[in-house]
Amino acid sequence: MKKFVKLTSTMVPLPNENVDTDQIIPARFLKATTREGFGENLFCDWRYDNNREKRADFVLNNPLYKGEILVAGKNFGCGSSREHAAWAIQDYGFKVIISSFFADIFKGNALNNGLLPIQVSDTFLQKIFLAIARDPETQLLVDLQEQVVELQSSLENESFEINAYKKSCLLNGYDDIDFILNKKDAIEIFEKKNS
């Protein structure tokens, strides 16, 4: 995984609530065995019509909105436990998702794949949506080390919680196996002492 320490980016607003994993990546696209290529089908049934033409009214097709941060409505990632949802979001180019609530399994899948889900208060989420509506070029600073997000236009900020182990993995660019391999010397010393 790539290290994640700090990011400043414009944002893509998706205020829909209760977005489930089948809306994120429909089940018909789950046949692939690698993580690549899922981004082109992210929100497929919302992005494209039946002829695979882009729908002008969907946010990912609107040239006003771009960036590496997806700002979503409450209860993002509910539904089935498909890891492909995190793959699709990441493959599209997002590094961070902001919401006021994430489904637990989706949140775990995102963190396991180097995608940072940040849960903020409903109030701060609405401030972000309003800032984007006023100016689509507004940027958000995400500082993982300090566990804070900050609207660059107003300097309003809010702290967020993250599991200490997952934070360490993201900061160092480790998946679970990399984390264990990084502890190899300590494991060998422990084994020698206790054998």
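In helix α5, the residues Phe124, Leu125, Ile128, Phe129, Ala131 and Ile132 are buried, where buried means under 20% relative accessible area, exposed over 50% and partly exposed in between, with a 1.4 Å probe and protein chains only. Seen down the axis of α5, these buried residues fall within an arc of 160°, so they line one face of the helix; the arc is that of the directions from the helix axis to the C-beta atoms. The face turned away from this buried side carries the exposed residues Thr123, Ala133 and Arg134.

The model is predicted, so that local features need pLDDT of at least 70 and side-chain atom pairs count only at pLDDT 80 or more, while totals for chains, interfaces and linings use all residues. Residues are numbered from 1 along each chain as its sequence is written, and side-chain values use heavy atoms, with hydrogens and water left out.

Helices (H or I, at least four residues) and strands (E, at least two) are DSSP runs, numbered from the N terminus. The 13 residues of α5, residues 122-134, should span 18 Å at 1.5 Å a residue, and the end C-alpha atoms of α5 are 18 Å apart, which agrees; the expected span is 1.5 Å times one less than the number of residues. Among the elements that cover the buried residues of α5 are β1 (6-14), β2 (69-72), β3 (96-99) and β5 (139-143), with contact meaning heavy atoms within 4.5 Å.

Strand β3 is also among the elements that cover the buried residues of α3, together with α1 (21-24) and α4 (104-112). Those buried residues of α3 are His84, Ala85, Ala86, Trp87, Ala88 and Ile89, and α3 is followed by Gly93, whose phi is positive, near 125°.

Helix α3 gives the most to the lining of the largest pocket, with 3 residues. A pocket is an open set of points on a 1 Å grid over the protein atoms alone, where a 1.4 Å probe fits, with protein on both sides within 12 Å along at least five of seven lines, and lining residues have an atom within 4 Å of a point. The largest pocket has a volume of about 410 Å³, and of its 19 lining residues the closest to its centre are Lys2, Gln90, Lys95, Asn113 and Gly114.

Finally, Gln145 is found in the loop between β5 and β6 and is partly exposed, with a relative accessible area of 43%. Not counting residues up to four places away in sequence, Gln145 touches Val5, Lys167 and Leu171.

Terms used
Points joined across faces, edges and corners; volume = space filled by probe spheres on them.
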